[in-house]
Amino acid sequence: MDRGHSGAPGQTGGGGSSETDRLAPVLRFLGAARTVTGSRFLVDTSRARVLVDCGLFQGLKDLRLRNWEPFPVDARSIHAVLLTHAHLDHSGYLPALVKQGFAGSIFCTANTLALCRILLPDSGRLQEEDATYANRKGFSKHVPALPLYTEADAERAIGSFRAVPFDAAVEVAPGVRATFTRAGHILGSASVRIAMEDRRVEDVLFSGDLGRPHHPVLLPPEPPGRCGTLLVESTYGGRRHDEATSETVLADAIVRTAERGGAVVIPAFAVDRTEVLLLALRRLEAAGRIPHLPVYVDSPMALASMRVYERAVAVGDPEIRPELRGQGNPFDPGDLIEVRDVAASKAIHDAKLPLIIVSASGMATGGRVLHHLARRLPDPRSAIVLVGYQAAGTRGRSLLEGAPALKLLGRYVPVRAEIVDAGGFSVHADEREILDWLAQAPAPPRVAFAIHGEPEASAALQRALARERGWTVVVPRDGERVQLD
Ligand SMILES: [Zn+2]
């Protein structure tokens with residue numbers, strides 16, 4: 001339970017220990033412990049070393065700096081990576097891992113691979129842009145500033161991906177079999193169960209990010225199977241979503257903004273949230289609850305992801321709700337304005353009002369939405385609608401907390417627009433939904449770890465599980481290691 005570096009053979013990894021002296025099996029928490037980003041969990045068995053998720057840290061600067069620390073074990077010592085889904089806080093460190101010598105396979109579902117082909121090269125491009133910007137402004141401690149990885153590194157990482165089907169046990173490393181089951185969070189998302197050959201070790205189940213039972217596009221998460229150790233996400237521990245309220249909050253905000261003749265800016269996560277939001281806007285308009293307004297989707301990544309969703313709907317992918325399968329494009333009622341190039345994006349600044357702009361990133365940490373915020377935040381006619389989880393340290397969180405000004409593109413901008421919290425559009429299950437999912441488990445795990453949550457949220461889920469089920473639940477420390485046998 002120590003933080004490592006005891007020098008025991010094999011425990012610190014990469015330090016010259018041979019495969020055979022590894023004290024197995026051990027689980028290590030290398031991220032997303034008492035925080036929501038940087039998902040990385042390491043499993044050492046007697047024969048193999050497997051990493052589950054390999055995400056970037058995002059949000060507060062102290063967290064982001066962790067992306068630059070050496071990876072806690074030698075990348076070359078890892079046999080395989082199992083990726084639960086495409087979001088960058090789960091996948092975004094993979095190109096750096098490959099750059100550091102990881103030579104194994106990255107296992108995930110086919111739709112996760114399709115989305116990673118879009119997200120990872122884009123992330124590499126952003127890393128390169130950040131480094132160029134730092135060099136131009138001269139604010140990097142390193143001269144010249146280097147990107148964490150490049151677009152080319154990301155493309156190389158994609159070459160190591162192996163798509164696996166849902167619900168099939170696949171040998172991913174010597175003596176380790178993994179099964180991916182539907183998690184309903186975004187397209188391709190999965191919970192991952194690991195079975196080890198090691199004697200006396202029960203399966204380990206990683207929930208991954210869990211979706212919501214009433215997702216308008218995706219089928220709900222499959223029930224969790226039997227396991228000895230469970231890692232369950234706790235983003236919304238202690239909290240409940242209210243979809244009906246959120247939809248009303250969104251509709252009312254649009255109506256008010258339209259009456260004022262302003263712009264509705266919706267920072268949206270490029271993958272999945274954009275699709276869900278567009279469906280909600282269609283529904284609200286059809287019900288006469290909002291006026292017909294032009295909807296600009298200003299994010300090349302969101303548009304590329306939408307193509308993956310459209311294809312899944314068109315081919316009747318088993319992740320898609322049966323009532324949508326085989327339909328035309330359910331996300332575009334025909335009047336969507338797809339904005340790809342930068343000039344068209346800037347032209348929205350002068351477009352006729354009122355209008356709706358959906359743009360990434362969802363927590364306003366980067367991307368084109370920054371330009372729209374810089375333009376619309378000072379305008380009291382406009383509204384900013386926040387639809388997903390806003391991590392500590394992000395601009396989205398600052399807006400929710402009532403910041404009077406926001407730093408954007410190097411300048412402070414006054415906040416005079418209406419700020420609206422419609423958090424019920426979240427992609428994550430709330431506490432009740434997590435508890436209901438876990439209630440379907442055939443037997444309690446020996447121990448459960450509440451991960452992927454800020455400390456209060458993880459502690460809240462821990463209390464709820466102890467109270468309702470009498471389960472042993474631990475909120476692990478970052479870097480903590482536990483024996484699995
Ligand atoms: Zn996610």
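How many of the six residues of strand 3 are buried? Six of the six residues of strand 3 (residues 49–54) are buried, so this strand is largely enclosed by the rest of the structure. Buried means under 20% relative accessible area, exposed over 50%, and partly exposed in between (1.4 Å probe, protein chains only). Strands (E, at least two residues) and helices (H or I, at least four) are DSSP runs, numbered from the N terminus.

The model is predicted: local features need pLDDT of at least 70, side-chain atom pairs count only at pLDDT 80 or more, and totals for chains, interfaces and linings use all residues. Residues are numbered from 1 along each chain as its sequence is written, and side-chain values use heavy atoms, with hydrogens and water left out.

An open sheet of seven strands has the order 6-5-4-3-2-1-22, and its pairing is mixed. Two strands pair if DSSP finds at least two bridges between them. The edges are strand 6 (161–163) and strand 22 (481–483), each pairing on one side only. Strand 2 (residues 40–44) runs antiparallel to strand 3, with five bridges. A hairpin of four residues connects strand 2 to strand 3. Val43 stands opposite Val50 in strand 3. Val50 also stands opposite Ala80 in strand 4. Strand 3 and strand 4 are parallel and share three bridges. Strand 4 is likewise joined to strand 5 (residues 105–108) by three bridges, in parallel. There, Val81 faces Ile106 of strand 5.

The zinc ion is coordinated by His85 (NE2), His87 (ND1), His185 (NE2) and Asp209 (OD), at 2.2 to 2.3 Å. Donors are N, O and S atoms within 2.8 Å of the metal (3.2 Å for Na, K and Ca); water is not among the atoms, so sites may look incomplete. Along the chain, the donors follow the spacing H-x1-H-x97-H-x23-D. His87 lies in the loop between strand 4 (80–82) and helix 2 (88–91), and Asp209 in the loop between strand 10 (204–206) and strand 11 (229–233), 122 residues apart. Both His87 and Asp209 are buried.

His372 is placed in helix 10 (residues 369–376). His372 counts as buried because its relative accessibility is 0%. The side chains of His372 and Asp298 are joined by a polar contact of 2.6 Å. A polar contact is a pair of N or O atoms within 3.5 Å; within protein, one must be able to donate a hydrogen and the other to accept it, and residues adjacent in sequence count only if both atoms are side-chain atoms.
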